[in-house]
Every structure is written in structure tokens, then in C-alpha cells.
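Student: I am new to this structure. Could you show me how to read its features, one at a time?

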Amino acid sequence: MQFGAGKKYNNPNGGVVLVLTLGTGIGSAIFLNGQLLPNTEFGHIEFEGIIAEKKAATVIREQENLSWKKWSKRVNKYLLYMEKIIS
């Protein structure tokens, strides 16, 4: 929010910014008008019957030896699901 793509939204009228990171899990943060809303755990949301990060995290791609194409389809499904539940 200070240096990246969210910088232009880091102000009192900035609106809502969702940040997701994909690694050993799925990290998440929501900013409202530049202020962090605490305790988001969007990697722990149930998605397709299991915890989301057990399906879409980077480590899962590596463990299951998924192609980038297969993994990116999973991640895209997760992102569409997130869009649906938070919109």
C-alpha cells in the first residue's frame, strides 16, 4: 500500500483493496481507505470442499507437480470464488 499497485488507494477515499499472496499458504489483507482491516484469513476459507490454501497455494503446485496451466486454473477459480463472496 505504500510502494506497490495499492499506493494510489492509500488515502481516506481509497476504497477497498484486497491483497492475496500465494506461497506455502494463501496470505490475505484487506485495506479500507488505506487502513488495514485485521484478521483476514482468506486462505482458510472452504473452497470446493477443502481449505483454499490446500488447493491453490504455490506449495501445492510444487507438491502435486502441477503444470502452470493446471495450477493457474485452480487459482483463477479461487479468485472468482473470492470475488463472488466479497462483492
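Tutor: Start with aromatic pairs. Rings of Phe, Tyr and Trp pair if their centres lie within 6.5 Å. Note that this model is predicted.

Student: How many aromatic pairs does a search of the whole structure find?

Tutor: The search finds three aromatic pairs. In one of them, the ring centres of Phe 47 and Tyr 78 are 5.8 Å apart, with the planes at 75°, so this pair is edge-to-face.

Student: Which parts does the pair of Phe 47 and Tyr 78 tie together?

Tutor: Phe 47 lies in strand 4 (residues 46-47) and Tyr 78 in helix 3 (residues 68-86), so the pair links parts 31 residues apart in sequence. Phe 47 and Tyr 78 are both buried.

Student: What about the rings of Phe 47 and Tyr 81?

Tutor: Their centres are 5.5 Å apart and their planes at 45°, so the pair of Phe 47 and Tyr 81 is tilted. Phe 47, Tyr 78 and Tyr 81 form one aromatic cluster.

Student: Why does Phe 47 count as buried?

Tutor: Buried means under 20% relative accessible area. Phe 47 counts as buried because its relative accessibility is 3%. Tyr 81 is partly exposed, at 29%.

Student: Where does the charged end of Arg 61 sit?

Tutor: The charged end of Arg 61 sits over the ring of Trp 68, 3.8 Å from the ring centre. Arg 61 also lies over the face of Trp 71, at 5.8 Å from that ring's centre.

Student: Which residues form a nonpolar patch on the surface?

Tutor: Val 16, Leu 32 and Leu 37 form the patch, with about 250 Å² of accessible area together. Leu 32 belongs to strand 2 (residues 26-32).

How values were computed
Residues numbered from 1 in each chain as written. Predicted model: local features only at pLDDT ≥ 70, side-chain atom pairs only at ≥ 80, totals over all residues. Heavy atoms only, no water. Patch = residues over 30% accessible without salt bridge, like charges linked within 9 Å, V, L, I, M, F, W, Y side chains within 5 Å. Areas by Shrake-Rupley, 256 points an atom, 1.4 Å probe, with all protein chains shown as cover. Salt bridge = Lys/Arg side-chain N within 4 Å of Asp/Glu carboxyl O. Helix = DSSP H or I, 4+ residues; strand = E, 2+ residues; numbered from the N terminus. Phe/Tyr/Trp six-rings, centres within 6.5 Å; stacked < 30°, edge-to-face > 60°. Buried < 20%, exposed > 50% of the residue type's maximum accessible area, 1.4 Å probe, protein only. Lys NZ or Arg CZ within 6 Å of the ring centre and 35° of its normal.
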